[in-house]
Amino acid sequence: MIRTCSQCQTKNRIPARYLAATGKCGQCKNPLPPLAAPLDVNAATFNEIIHQVPVPVLVDFWAQWCGPCKMAAPEFANAANQLAGKAVLLKVNTESETQLAAQFGVRSIPNFKLFIGGEVKWDQAGALSSGQIVQLVEQFR
């Protein structure tokens, strides 16, 4: 994964297993905080992250045309900020990643799935508030 330093704008390559950890910029040595925003992923990065990240990974399966998905997006982003360092939140566009959506039985969206150690531990179709998302992740930590 590539993370950009907020201080010097250097692009840093971060292994998936460190997305929830605080690192430091390879150029200016300033801290790189844990991922605090949802990360849009494709099938390759999805598989890498769910199998390597040591914290819970919550995935939002969504589509651009979906009204409830658009309503849930700010809540998901807010939760990602609150859960920085405690969980990693991913977004999978079901229109471009149809095989990934089919692999996990996504039939309605938004659809949330929580992964721990690469396995689905919880799933739900329908929008969630940021408070519900935070509470859910805390329950599985």
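Visitor: What percentage of the 141 residues of the protein chain count as buried?

Guide: Buried means under 20% relative accessible area, with exposed over 50% and partly exposed in between, for a 1.4 Å probe and protein chains only; by that criterion, 43% of the 141 residues of the protein chain count as buried. This is a predicted model, in which local features need pLDDT of at least 70 and side-chain atom pairs count only at pLDDT 80 or more, while totals for chains, interfaces and linings use all residues. Residues are numbered from 1 along each chain as its sequence is written, and side-chain values use heavy atoms, with hydrogens and water left out.

Visitor: How many helices and strands are in the protein chain?

Guide: Helices (H or I, at least four residues) and strands (E, at least two) are DSSP runs, numbered from the N terminus; here the protein chain has four helices and nine strands, in the pattern β-β-β-β-β-α-β-α-β-α-β-β-α along the sequence.

Visitor: Which order do the strands of the open sheet have?

Guide: Two strands pair if DSSP finds at least two bridges between them. In this structure, five strands form an open sheet in the order β5-β7-β6-β8-β9, with mixed pairing, and its edge strands, β5 (39-40) and β9 (119-125), each pair on one side only.

Visitor: In which sense do strands β6 and β7 pair?

Guide: Strand β6 (residues 57-62) pairs with strand β7 (residues 88-93) in the parallel sense, over six bridges, and Val-59 stands opposite Leu-90 in β7.
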